[in-house]
Amino acid sequence: MTPILEIKKLYKSFGGLLALNNISFNINRGEIIGLVGPNGAGKTTLFNCVAGIERPTEGQILFANRGRTISISGKKPEAVTALGIARTFQNIRLFDNLTVVDNVKIGRHCRTRSLFFGAVIRNKFQQAEEKEIAESANQFLEFAGLKGRGEEIASSMPYGDQRRLEIARALATEPCLLMLDEPAAGMNPQESRDLMDLIRRIRNKGITVLLIEHDMKVVMGVCERVVVINHGEWLAEGEPQDVQNNPKVIEAYLGTGAAGAA
Amino acid sequence: MGNLKLQNLTRGAKIRIGLLILTLILPFFPFVTDYMLHIAILIFLYMILALGLNIVPGFNGLLDLGYVGFYGIGAYTSGLLTYHFGLSYWVIIPLAFINGAFWGILLGAPTLRLTGDYFAIVTFGFSELVVLFLTNEIWLTRGPLGLPGIDVVSIDLTLFGGPKWEFVGELPYYYLAIVMVLVTVFVMYRIQDSRLGRAWFAIRDDEVAAVSCGINLLGYKVIAFAISAAFGAVGGSFFARWVTFLSPDMFKFWESFLILCMIVLGGMGNIWGVMIGALVLVSLSEVLRELLPLLGLPVGVRFLAFGLIMVLMMRYRPAGMMPIPAVAAKMRAGRVKRKKVKATVSMKQ
Ligand SMILES: Nc1ncnc2c1ncn2[C@@H]1O[C@H](COP(=O)(O)OP(=O)(O)OP(=O)(O)O)[C@@H](O)[C@H]1O
Ligand SMILES: [Mg+2]
């Protein structure tokens, strides 16, 4: 089976700094794969390159969807989302002044079409679409464990719930590949456990999950495979246990002085 | 239809209906003069303009300093089409709307890639260009001489064998303006509660998150700018057929600033707030116009007063008199927190 995402010899430089240095790995369809590495390793930069927020300096990103393989490196972020890749952000980025349900409704944007005349006239098409948007938004909220919270203002929710909301919004774009950037950051142990359960349920819907996470309990708990990068370079790849015991990985974490290396 | 009973309405709806009825019967109160009606029409006109402008800074979070350019384009579209071709106002409204949107797209498409302040500067330059064009292209606009003798609005049913009714005095314009405000408010509410409106709010709150939801920033900003411009132009088309005289200096930068002040004062992004902003600033402007000469001050001093109001607002109520719900909620939460802090502090003492 072809991998859902192939990253081939990816480079990204910021001025003199090589944030990604010849990174290559594959993501298989339907797996939960972890992306770990010490602070500043280039994990978020990799997300940004895949999502189209940053343009890779060199290299290819191939995305396989609906039987076709397309190169997405350098594509616009809205196009990448439309193709079926969604993501969350390390520093939560919600629409702060909107309600929870409106946040998720905005996630439906790329799967719906009505514009000005639809909005003003409210023709049959627009009404059907609005109904679909509202219903599915509530389903995604329920799925993420935020049932009945739709009318709250997004920014007034507790941290953990905001992370869930971001996931619900990303799911609303109907992705095949979901990229989560440190979703457990700032969560208490109970919330992390709920999150792991949520990630598994997402995968059971047939969505491939790429997960950046510093919390090793979460990585060990849900990931089937882990890719380690350090200083922008590919370091190791394999099953969580093997990677955790890999001397190179241990050295990378301890060598940079990062505490809590598992 | 059965639920349209009075007791079923929410308090807000009752207030709205009450206000509307009051506005509709206002001209029949004995103390209401033609001058007061004139001011009321001016308020309505500025409500339309402020609601139109609000789309750009209020819904999209972009600073637009050139709105008056579209107002001017609409006014001259209306004036010239009436002057040269005698077109009916009812035909002119959609034409002005389309022409406004056209210029909005023409200006917006290449410039809305610019961020924040740069975009604001471009819009400012545009409105100055419009004034220069209106002043210098004498063959078209008669330049500084102005465009006099524009026909009043009329309802012409002669085609169907009916009468022709011309708008004389302020009263018919008063009702026409009310209808136009109602239509504008209706459109704004519908947009606010739609996919288009949500896309704009998303852009306002976080552009990166918005693109990640599949929103094409440039596309939606251009749509916003075009619709905003279209409403500005419709306001202008009304203005031309109401005052029946146009000159380029009616569309100076000052107007853009005034309309922006209405939005900021009322509550950026809040439809009701914006209308109240228009009401307050137009009324205040008229009061000061009467009052200042009595105090021996030149009329221009009222600009100073506006400046002072803006400074005070920014200091004490930066979100305006009627902020959007989320901001209002945050402010409430902030107040509660402050109170709690104060309470704990005083308990410790
Ligand atoms: N826009 C940018 N401009 C310049 N340098 C950047 C930019 N974005 C990231 N970097 C640099 O690239 C490197 C990789 O950053 P990145 O955010 O990808 O790390 P990370 O692995 O996500 O780290 P963390 O675990 O702390 O989130 C860092 O040295 C960072 O300073
Ligand atoms: Mg990061």
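Analyst: Let's start with area. Domain 1 of chain A and domain 2 of chain A bury about 1400 Å² between them, and carbon and sulfur atoms give 65% of that. On the side of domain 1 of chain A, the residues that lose the most area to domain 2 of chain A are Pro175(A), Leu198(A) and Lys205(A), which together account for 30% of what that side buries. Do keep in mind that this is a predicted model.

The contact involves 21 residues from domain 1 of chain A and 14 residues from domain 2 of chain A.

Now for the polar side of the story. The interface holds 4 residue pairs in polar contact, and 1 salt bridge is found across the interface. A salt bridge joins the side chains of Asp194(A) and Arg164(A), with 3.7 Å from N to O.

Which helices and strands of chain A each supply at least two residues to the domain 1 side? They are helix H2 (77-83), strand S7 (177-181) and helix H7 (189-204). H7(A) gives the most, with 6 residues. Sorted by kind, the residues on this side of domain 1 of chain A are 12 nonpolar, 3 polar and 6 charged.

How values were computed. Residues are numbered from 1 along each chain as its sequence is written. Chains are lettered from A and ligands numbered from 1 in the order in which they are written. This is a predicted model: local features need pLDDT of at least 70, side-chain atom pairs count only at pLDDT 80 or more; totals for chains, interfaces and linings use all residues. Side-chain values use heavy atoms; hydrogens and water are left out. Contact means heavy atoms within 4.5 Å. Buried area is the accessible area (1.4 Å probe) that two parts lose on being put together, summed over both. A salt bridge is a side-chain nitrogen of Lys or Arg within 4 Å of a carboxyl oxygen of Asp or Glu. A polar contact is a pair of N or O atoms within 3.5 Å; within protein, one must be able to donate a hydrogen and the other to accept it, and residues adjacent in sequence count only if both atoms are side-chain atoms. Helices (H or I, at least four residues) and strands (E, at least two) are DSSP runs, numbered from the N terminus. Ala, Val, Leu, Ile, Met, Phe, Trp, Tyr, Cys and Pro count as nonpolar, Asp, Glu, Lys and Arg as charged, and the others, Gly among them, as polar.
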